[in-house]
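Biologist: I'm new to this one. Can you put it up and walk me through it?

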Amino acid sequence: MRKSAFIYSKELEKYHYPPEHPFNVDRAKRVRQILNSMGLLSGDGRCEVPPEPADRITLKKFHSARYLHALKTASKGKWDAEALDMGIGTGDCPVFDGLYEYALLACGATITGAKLILSGSADIAFNPSGGFHHAGPEKASGFCYINDVALACQLFAEPCPPYHPSQRPFPSLDTLGRREGKKVLYLDFDVHHGDGVAYAFYDRSDVMTISFHQNPKTLFPGTGFENEIGTGQGKGYCVNVPLPVGTYDEAYMKAFNSIAPPLITVFNPDVIVLQLGADALAGDPLANLYLTNNVYVETINSLLSFRKPVLATGGGGYNVDNTVRAWALAWAVLSGADVSQDKNPAVSGVMLGSTEWQGGLRDRRLVISKAQQEMIIPAVEKTIETIKATIFPIHGL
Ligand SMILES: [Zn+2]
């Protein structure tokens, strides 16, 4: 039986982005409420674990001291042109009360999950409050301040440190069979390119990043084209799958199935880090893909079939109802619940809204017009062919 840890505590509910900001931290709270009411937070190997704030030693594995200082100072209400230059205090990354504490705790939740996996206490960990994939070493960007997913990849990839009592409650970190650095697969389903993580490992072959996202010509951050494939040792270990506006489930799964399983098979990672941004779902106010959450079921089941530990996080997702349902469903699948009976077979031709929800977690299938199919499929096939021509040969595929 898989051991699955849901990382959450009420402490996370203390902090909020400004009310006009689209990033809603209550999504994680609502995911927990739904799962709790469904009895999916305990039994069958499931448990809830409260996060510990990320410590400075961990944070400095990716972020500069200068940036961390500016973020901490800004959080206390004092920031200057230098901080603004690093993206702190912009419209996208505003300064708000408790910002630093929130960023450390939300990031710490992902690190807590990573340590549970490293210590063998969990096979699956999910932090719905994480997934801040845009943050750079010295840059707040795209609602992200501390890049928890890049830090988790780094933590997995480097050799385990010798045991120190301060590592409690993870004392078995030094007793792992494998002390050396692990091969990490980072998979990013957020509708926006996972730029902060991709560029963090751009020249490395021990962390493979695969990002599925909306065509960067049409969406922030404007990077993540097929020809960004890594450099030096990392050439072929950065994979970008840009998808056209209007991409729907079948087209998405065609791209996923053509690219991810073959690369995962040949890369053979020790651990998978999964960013589950839900802003690729139809009806997201900040993006233009047309997915239903059924793709989560299919993609997660595909990933689980590799029988590797999975550290999953939230991410974007600005239609709150759809995002909450998608992450609850994702946890159900990750933690081994049977979601086959959850299916709502009715077909809907309209955008999904909360009023349509009948209590199940799965979205209804959307009707896809012939014109949409004829526009999307050739574009997706072209992207698949490009990746097969550039990345696959590097891995002997
Ligand atoms: Zn996003």
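Biologist: Which residues coordinate the zinc ion?

Modeller: Asp190 (OD), His192 (ND1) and Asp279 (OD) do, at 1.9 to 2.1 Å. Donors are N, O and S atoms within 2.8 Å of the metal (3.2 Å for Na, K and Ca). Water is not among the atoms, so sites may look incomplete. This is a predicted model: local features need pLDDT of at least 70, side-chain atom pairs pLDDT 80 or more, while totals for chains, interfaces and linings use all residues. Residues are numbered from 1 along each chain as its sequence is written, and side-chain values use heavy atoms, without hydrogens and water.

Biologist: What spacing do the zinc donors follow along the chain?

Modeller: The spacing is D-x1-H-x86-D. Asp190 sits in the loop between β4 (184–188) and α7 (195–200), and Asp279 in the loop between β7 (271–275) and α9 (294–304), so the pair ties together parts 89 residues apart in sequence. Helices (H or I, at least four residues) and strands (E, at least two) are DSSP runs, numbered from the N terminus.

Biologist: Is Asp190 buried or exposed?

Modeller: Asp190 is buried, at 1% relative accessible area. Asp279 is buried too, at 0%. Buried means under 20%, exposed over 50%, partly exposed in between (1.4 Å probe, protein chains only).

Biologist: New topic. Where is Ile229?

Modeller: Ile229 is in the loop between β5 (207–214) and β6 (238–243). Ile229 counts as buried, at 13% relative accessibility.

Biologist: And how far apart are Ile229 and Ile387 in space?

Modeller: They are 9.1 Å apart, C-alpha to C-alpha. In sequence, 158 residues separate Ile229 and Ile387.
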